[in-house]
Amino acid sequence: MATRQTQFLARSLLTPAVGLLFIWMIVPLALTIYFSTLHYSLLDPGSESFVGLENFRYFLTDPAFLASLQNTLVLVGSVLALTILLGIPLALLMDQPVIGRNFVRLMVIAPFFVMPTVSALVWKNLLMHPVSGLFAWLTSLFGLTPIDWFNDVPLLAVILIVTWQWLPFATLILLTALQSLDEEQKEAAEMDGASAVSTFIYVTLPHLARPITVVILIETIFLLTVFAEIFVTTGGGPGLQTTNIAFLIYSQALIQFDVGSASAGGLVAVVIANVVAFFLVRIVGRNLEA
Amino acid sequence: MGQITLQGVQKSFGPVHIIKGADLDIADGSFVVFVGPSGCGKTTLLRLIAGLEDVSGGKILIDGKNVVDTPPAKRGLSMVFQSYALYPHMSVRGNIGFGLKMAGLAKDEINRKVEAAAATLNLTPYLDRKPRELSGGQRQRVAIGRAIVREPKAFLFDEPLSNLDAALRVQMRIEVTRLQKQLGTTAIYVTHDQVEAMTMADKIVVLNGGKIEQYGSPLELYERPANLFVAGFIGSPKMNFVTGEPALHKGAATIGVRPEHLKIERDGAGGWQGTIAVAEHLGSDTFLYVDAGALGMLTARYIGELSLHAGDRVSLVPDPARIHRFDENGNALRS
């Protein structure tokens, strides 16, 4: 495969694509770095001036930053835990031979195809609305006071919505992994006298270690940047209770019109994402080694 | 003790009858091989005995007790799977000891038994390796270790050697047979390879289309096949079957002669005349595939080297004492 000629050919054929991707990435990055060193307010055009690291100091010392960092981590962690803890039993159920299995699978996967904005609207107005929502109606059936989700437990509400969206993904990945589990291994465990629970703990769960890692890594990438669900439902509030890093950057740029500070925030977010990725790969990445 | 009796065992998957009533008596300590072409139901029969499938009818008795409603683990059998089915994330020690751990044995007792089993199988240096770090033959031995450590009433082997290369297969064949004799535990072994069946078995069960065609010792099957199917299946190369006049002459619909019981004569006037189509010279044996006109293709075997080549005319003289006769239904005729 690796004669000098094929290597040269491979590289020269790859160059346009790699080059385009590189430009695609480097231009925004360079501009962001450039803007992050400027005093650049959209309310005061023409006043751009170099301020060094002042934007970073401003962003990092903003009390909203720590609050939103905490919200981000709580959101990511909760959704990861919920999707995996619920995804495993769901996948196990869907692996059973039942009538209409294909239809059930299609239905379970459906939330993944709904746009975040649409699902957030559905949850906000049809399900969690304190007056006209389904949950409010259900609680009032029992004579209880309906929960005002987005005021009383706003972060939990957002977590539930995002979990609902990502559960199909986790279930699907885990289901395909379950289907690749060697039937003879389960039979061997059965011959060895293992109960259903023991078989799950000693045979199935270790087999799922790798797909769980994949779910964690992929979901983390997307969950760090959750935005539409927050924008549509709570707008980051009440106060800062549902503001995550992505939403904070948005509010810097397009509510306070401070492009410089938003750019600094964007770079901080890049660093945070890399720190999270570093720890994740350290903790769960070894499952990926063959 | 490991005496296994099947009484009218049936299995069907929906409208398809896989096992059409099997009766079998397996003596304690014997090595019984189920052999037959693919799809004959031999693996299904083994899985019925193991309890991995439920019977549709009939009884399975282990030491006189009907076990058809007993779960697999409680039947006191252990199984070696075709794919070995080792637990990939457990060490060799964990794999062999898993059944004991599930049975709730104390840790040091498990260790003692695992180490004893490993010593029997020459696996001691590999106890802390994972299955993926082992060769095919070693994995095979781990699978066998997992079976013997539980001291079962019987071993069930489901084509365990089919994933090994030819040389290793011969070696493992001997090891398995020797181990079984040493432990004196009943063994049921499924294979499609009649050489494995002939070399390993105390008794062979020949299965075809979900029915037991014949049950007997290897030489019994070789010398007195009950019907055309067994006659054609046991023995390599295959037995020659001749219909028509030479058969009628013997008062049978079909007669069969094994290739090794045909005497090869150059330019002979008697016997069956033909032209050699292909001659295979193996040194130890010579196989001749002879086009005998109306009689069809005949195979003849000569022990040693015979300098005959394609195109030569030969005549084949069957040993009259070694002619098998079959009636029009394919059943053997005894005189």
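1. Strands (E, at least two residues) and helices (H or I, at least four) are DSSP runs, numbered from the N terminus. B:Ile303 lies in strand 16 of chain B, residues 297-303. B:Ile303 counts as exposed because it has 9 C-beta neighbours inside 10 Å; the cut-offs, with C-beta atoms placed from the backbone, are 12 or fewer other C-beta atoms within 10 Å for exposed, 20 or more for buried, and partly exposed in between. The C-alpha atom of B:Ile303 is separated by 20 Å from that of B:Thr199, and the two residues are 104 residues apart along the chain.

2. On the basis of the model: it is predicted, local features need pLDDT of at least 70, side-chain atom pairs count only at pLDDT 80 or more, and totals for chains, interfaces and linings use all residues. Residues are numbered from 1 along each chain as its sequence is written, while chains are lettered from A and ligands numbered from 1 in the order in which they are written.

3. Chain A has 13 helices and 2 strands. Its radius of gyration is 24 Å, well over the 19 Å that the globule rule gives for 290 residues, so chain A is more spread out than a compact globule. The radius is taken over C-alpha atoms, and the rule is 2.2 Å times the number of residues to the power 0.38. The C-alpha trace of chain A spans about 75 × 75 × 30 Å along its principal axes. Of its 290 residues, 30% count as buried. Among contacts in chain A with a separation of 6 or more, 70% are between residues 24 or more positions apart; a contact requires C-beta atoms, placed from the backbone, within 7 Å.

4. Chain B has 9 helices and 19 strands. The C-alpha trace of chain B spans about 80 × 45 × 35 Å along its principal axes. Of the 335 residues of chain B, 41% count as buried. For contacts in chain B with a separation of 6 or more, the share from residues 24 or more positions apart is 64%.

5. Chain B is divided into domain 1 (4-232) and domain 2 (242-247 + 257-333), with bounds that come from an automatic or database domain assignment. The C-alpha centres of the two domains lie 38 Å apart. At their boundary, 6 residues of domain 1 are in contact with 5 residues of domain 2. The domain 1 side of this boundary has 5 nonpolar residues, 1 polar and no charged. Here Ala, Val, Leu, Ile, Met, Phe, Trp, Tyr, Cys and Pro count as nonpolar, Asp, Glu, Lys and Arg as charged, and the others, Gly among them, as polar.

6. Strand 3 of chain B (residues 31-35) has 5 of its 5 residues buried, so this strand is largely enclosed by the rest of the structure. B:Phe31, B:Val33 and B:Val35 are buried on one side, and B:Val32 and B:Phe34 on the other. Strand 3 runs parallel to strand 8 (residues 186-191), to which 5 bridges join it, and B:Val32 stands opposite B:Ile188. Strand 3 also runs parallel to strand 9 (residues 203-208), here with 4 bridges; B:Phe34 has B:Val205 as its bridge partner. Pairing requires that DSSP finds at least two bridges between the strands.

7. The largest nonpolar core has 94 residues, and those with the most contacts inside it are B:Val33, B:Phe34, B:Ile49, B:Leu156, B:Ile188 and B:Val206. Such a core is a set of buried Ala, Val, Leu, Ile, Met, Phe, Trp, Tyr and Cys residues joined through C-beta atoms within 7 Å. This core draws at least three residues from each of domain 1 and domain 2 of chain B. A second, separate core of 42 residues includes A:Ile159, A:Val215, A:Leu223 and A:Ile230.

8. Strand 1 (residues 4-13) and strand 4 (residues 57-62) of chain B run antiparallel and are joined by 5 bridges, with B:Gln10 partnered by B:Gly57. Strand 4 also pairs with strand 5 (residues 65-66) in the antiparallel sense, over 2 bridges. B:Ile62 stands opposite B:Lys65. The hairpin of strands 4 and 5 has 2 residues between the strands, and in it B:Asp63 takes a positive phi near 50 degrees.

9. Between the chains, 15 residues of chain B are in contact with 13 residues of chain A. On the chain B side, strand 6 (77-80) and helix 2 (92-102) are the elements that give two or more residues. Helix 2 provides the largest share, 3 residues. By class, this side has 11 nonpolar, 4 polar and no charged residues.

Notes
Contact = placed C-beta atoms within 7 Å.
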